[in-house]
Amino acid sequence: MTAAPPPFELLPGAGRSPVVLHVPHSAREIPDAVRAGIVPGDEELARELDHITDAHTAELAETAAGLAGVTPWRFVNRLSRLVVDPERFPDEREEMLAVGMGAVYTRTTHGGVLRPADVDAGPLVERYFEPYARAMAQAVADRLEAAGRAVVIDVHSYPSRRLPYELHGEGPRPAVCLGTDSFHTPPALLDAAREAFGEAVGETELDTPFSGTYVPLEFHGKRPEVSALMVEIRRDTYMTEPGGPAGPGLERLAGALAGLVDAVSH
């Protein structure tokens with residue numbers, strides 16, 4: 001019997017680096033006890049994981065960290081977002097509750113049943129969501145203490161064609177979508193991202209088809225020295241959709257991400 005993988009992992013960077021690359025949606029792992037509460041059969045679940053997983057984003061962040069002049073820290077979710085989604089609000093503030101995708105999903109990307117609608121989300125939130133949130137908050141607090149500021153760069157990917165669950169998917173689907181927060185995304189961070197990814201992929205857009213970015217709740221709207229940006233990379237730029245292998249675009253995008261890391265590390 002093998003030991004269960006850790007639910008998440010903080011991979012150290014340079015002591016003076018303010019940057020945390022946050023990779024919340026790259027894994028497919030679902031513990032057996034959680035799988036027991038998920039309705040679809042194995043084949044259907046595998047297809048759902050192909051659609052919902054930000055495949056290869058952990059590899060992309062790892063490659064970028066290796067290329068960066070100042071190694072960033074990396075906070076990587078080792079479990080699927082079908083266990084819990086650490087980026088959702090754990091309460092009624094979450095707009096994705098409207099499509100059954102709050103912190104604990106009850107619906108699939110195509111509107112099918114993932115869990116019974118009356119599932120008690122409490123145990124999953126307590127077991128997986130809350131420890132993740134605390135650890136991520138601590139990682140940011142440590143960067144604040146060490147560097148006087150923290151820069152959270154949220155590393156995601158999204159499908160080239162809109163999926164039924166998307167609430168705001170009618171707009172442009174650029175090669176790289178930059179998700180922003182009015183309080184935590186300063187112009188200099190945005191400019192650095194546009195420059196880094198503009199050179200690599202040519203087209204970036206703000207907050208389409210996904211908007212916002214992740215900031216631990218204890219800092220959100222309170223600490224301007226915590227800055228944050230979500231990087232949503234369209235999957236056809238670096239992999240075969242859905243759920244297929246990475247291609248040569250991954251190295252190019254990792255180089256762009258490393259450029260962004262270096263631009264905001266000094």
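**Close-up views of a predicted model**

**View 1. Tyr158 has a relative accessibility of 1%, so Tyr158 counts as buried.** The model shown here, and in every view that follows, is predicted rather than determined by experiment. Phe210, with a relative accessible area of 17%, is likewise buried, because the cut-off for calling a residue buried is under 20%.

**View 2. Aromatic rings come together in pairs, of which there are 4 in this structure.** One of them joins Phe8 and Phe75, whose rings are stacked, with 5.4 Å from centre to centre and 20° between the planes. Phe8 belongs to strand 1 (residues 8-11) and Phe75 to strand 3 (residues 73-77), so this pair ties together parts that are 67 residues apart in sequence. Another pair is made by Tyr158 and Phe210, with ring centres 5.9 Å apart and planes at 70°, which means that the pair is edge-to-face. This second pair also links distant parts of the chain, since Tyr158 sits in strand 4 (residues 150-158) while Phe210 sits in the loop between strand 6 (204-206) and strand 7 (226-234), 52 residues apart.

**View 3. The structure contains 1 cavity of 30 Å³ or more.** The space in the largest cavity comes to about 60 Å³.

**View 4. The largest pocket has a volume of about 930 Å³.** Its lining is made of 43 residues, and the closest to the centre of the pocket are Glu87, Arg88, Glu94, Ser211 and Thr213. Helix 4 (122-147), strand 4 and strand 7 are the elements that each give two or more residues to the lining. Helix 4 contributes the most to the lining of this pocket, with 5 residues. Grouped by class, the lining of the largest pocket includes 19 nonpolar, 9 polar and 15 charged residues.

**View 5. Helix 2 (residues 42-52) has buried residues at Leu45, Glu48, Leu49 and Ile52.** When the helix is seen down its axis, these buried residues of helix 2 fall within an arc of 100°, so they line one face of the helix. Helix 1 (32-35) is included in what covers the buried residues of helix 2.

**View 6. Helix 3 has buried residues at Thr57, Ala58, Leu60, Ala61, Ala64 and Ala65.** These residues cover an arc of only 160° around the axis, which puts them on the same side of helix 3. The cover over the buried residues of helix 3 includes both strands and a helix, namely strand 2 (19-23), strand 3, strand 4, strand 7 and helix 6 (249-265).

**View 7. Thr57 is a residue of helix 3 (residues 57-67).** Thr57 has a relative accessible area of 1% and is therefore buried. Leaving out residues up to four places away in sequence, Thr57 touches Val23, Ser26, Val155, His156, Ser157 and Tyr238. A further pair of positions can be followed here: the C-alpha atoms of Thr57 and Ala228 are separated by 18 Å, and the two residues are 171 residues apart along the chain.

Notes
Residues are numbered from 1 along each chain as its sequence is written. This is a predicted model: local features need pLDDT of at least 70, side-chain atom pairs count only at pLDDT 80 or more; totals for chains, interfaces and linings use all residues. Side-chain values use heavy atoms; hydrogens and water are left out. Buried means under 20% relative accessible area, exposed over 50%, partly exposed in between (1.4 Å probe, protein chains only). Helices (H or I, at least four residues) and strands (E, at least two) are DSSP runs, numbered from the N terminus. The arc is that of the directions from the helix axis to the C-beta atoms. Contact means heavy atoms within 4.5 Å. On a 1 Å grid over the protein atoms alone, a cavity is a set of points where a 1.4 Å probe fits but cannot get out, and a pocket is an open set with protein on both sides within 12 Å along at least five of seven lines; lining residues have an atom within 4 Å of a point. Grid points are joined across faces, edges and corners, and a volume is the space filled by probe spheres set on the points. Rings of Phe, Tyr and Trp (its six-membered ring) pair if their centres lie within 6.5 Å; planes under 30 degrees apart count as stacked, over 60 as edge-to-face and the rest as tilted. Ala, Val, Leu, Ile, Met, Phe, Trp, Tyr, Cys and Pro count as nonpolar, Asp, Glu, Lys and Arg as charged, and the others, Gly among them, as polar.
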